[in-house]
Amino acid sequence: TAIDTTTTTIALDVADADTIAAVDAALSASPAGCDPLDTRQCVLPFPSDATTVEDPRSRTGRRVAFPTAGLPTNANGAAIDPAAWNRNDGFSANTPILAWFADLDPVASDLPSWTDLGASLDPSAPVAIVDTSTGDRIPLWVDVDPAVADGSLLAIRPAISLEAARTYAVGLRGLVDSAGMPVEPSAVFRAYRDRLDTQRPAVEERRTDIESALAALGGVGIDRSTLVLAWSFTTASVENTTATILQMRDETLDGLSGLTPEFEITNVTERPEPGIGRFVEGTYSVPNWLTDEGTPGTVLNRSADATLEITGVVQSPFACTIPDSVLDSDRPARAVQYGHGLLGSHLEVGAGSIVA
């Protein structure tokens with residue numbers, strides 16, 4: 001048999017019975033829409049174009065398509081709702097890239113370290129990320145998740161932000177297990193790597209994408225026969241990444257008509273510490289774009305057709321630190337806005353590291 005790629009026609013050999021049986025076992029263990037390259041968890045390796053569908057309307061030509069079946073569940077057995085991700089035309093340009101191996105010796109495998117990013121670009125490096133548009137290798141380092149008990153979950157971390165709306169190939173090779181033996185590829189990946197026809201549509205329909213990834217890796221000198229895992233993923237477009245926040249910004253500013261939002265000062269502390277003349281706390285009245293009052297677990301409020309909608313007004317707390325140098329001067333001063341993290345607090349603005 002043969003398949004057509006964008007550049008050539010590739011002849012395939014028929015897979016042997018043992019390979020077919022192993023592929024069938026992987027497919028039976030992988031729910032519909034999941035990636036049979038790794039049956040431990042539906043979306044491993046991650047991110048991957050295996051969990052996308054073609055969408056000619058999107059900037060990238062793809063749309064994320066995580067299936068509900070097979071996704072992680074919480075302590076109550078409730079599965080993650082993939083609806084928000086499935087509106088995206090690709091994956092984050094700053095995502096960690098995850099791959100799992102049942103038995104791996106990270107030291108013997110010589111995984112790239114954050115202390116020597118240059119080593120990740122060495123021709124013999126065991127992990128590679130390649131921009132399929134330019135052929136450039138991406139500097140990276142690899143962490144092993146200590147919380148995973150059954151095997152090794154690798155977090156491959158690009159040392160730079162990836163480009164938007166680009167496809168990247170990921171390849172791993174030369175990995176060693178705890179017994180000092182080479183890590184073997186899964187049957188599904190071996191069928192791709194060795195050009196074995198499995199005659200299984202769920203595998204064969206993805207062969208062109210994998211061939212493209214292998215070609216990109218080959219372009220930087222990585223022999224396909226040495227790989228134990230390879231795949232590709234596409235990053236989201238700038239338009240897709242920014243559309244929601246830009247809509248929220250624009251509609252919020254339009255609603256203010258150039259005026260300041262309503263606010264209330266709830267507390268003023270004079271001279272709270274040396275160098276700080278005043279600490280002001282209060283609330284702003286701002287549009288609420290969430291399904292609740294912004295409490296943990298709430299999500300963006302969308303209508304049945306996925307249109308983003310305001311649900312009302314929410315009181316958003318703020319804190320302002322005013323140094324002595326500003327209070328004791330008649331000269332104008334510039335404000336510095338600080339944004340805390342997801343699980344942080346607006347009161348972080350008074351922390352020593354921020355004030356300094």
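The face of helix 1 turned away from its buried side carries Ala-17, Asp-18 and Ser-28, which are exposed (over 50% relative accessible area; buried means under 20%, and partly exposed lies in between, with a 1.4 Å probe and protein chains only). This is a predicted model, in which local features need pLDDT of at least 70 and side-chain atom pairs count only at pLDDT 80 or more, while totals for chains, interfaces and linings use all residues. Residues are numbered from 1 along each chain as its sequence is written, and side-chain values use heavy atoms, with hydrogens and water left out.

Helices (H or I, at least four residues) and strands (E, at least two) are DSSP runs numbered from the N terminus. On helix 1, the buried residues are Thr-19, Ile-20, Val-23 and Ala-26. They cover an arc of only 125° around the axis, which puts them on the same side of helix 1; the arc is that of the directions from the helix axis to the C-beta atoms. Their packing partners are helix 2 (187–193), strand 11 (196–197) and helix 3 (201–204). At the start of helix 1, the backbone nitrogen of Asp-18 has a side-chain oxygen of Asp-16 within 3.0 Å.

Helix 4 has the buried residues Arg-207, Ile-210, Glu-211, Ala-213, Leu-214, Ala-216 and Leu-217.

Ser-30 lies in the loop between helix 1 and strand 4 (52–54). Ser-30 is buried, with a relative accessible area of 11%. Leaving aside residues up to four places away in sequence, Ser-30 touches Asp-35, Pro-36 and Thr-39, where contact means heavy atoms within 4.5 Å. Ala-69 is 39 residues from Ser-30 in sequence, and the two are 9.6 Å apart in space, C-alpha to C-alpha.

An open sheet is formed by three strands in the order 13-14-15, with antiparallel pairing; two strands pair if DSSP finds at least two bridges between them. Strand 13 (263–273) and strand 15 (312–323) stand at the edges with a single partner strand each, so one side of each has no neighbour in the sheet. Strand 14 (residues 276–288) pairs with strand 15 in the antiparallel sense over 12 bridges. In strand 15, Gly-312 stands opposite Asn-288.

Methods:
A polar contact is a pair of N or O atoms within 3.5 Å; within protein, one must be able to donate a hydrogen and the other to accept it, and residues adjacent in sequence count only if both atoms are side-chain atoms.
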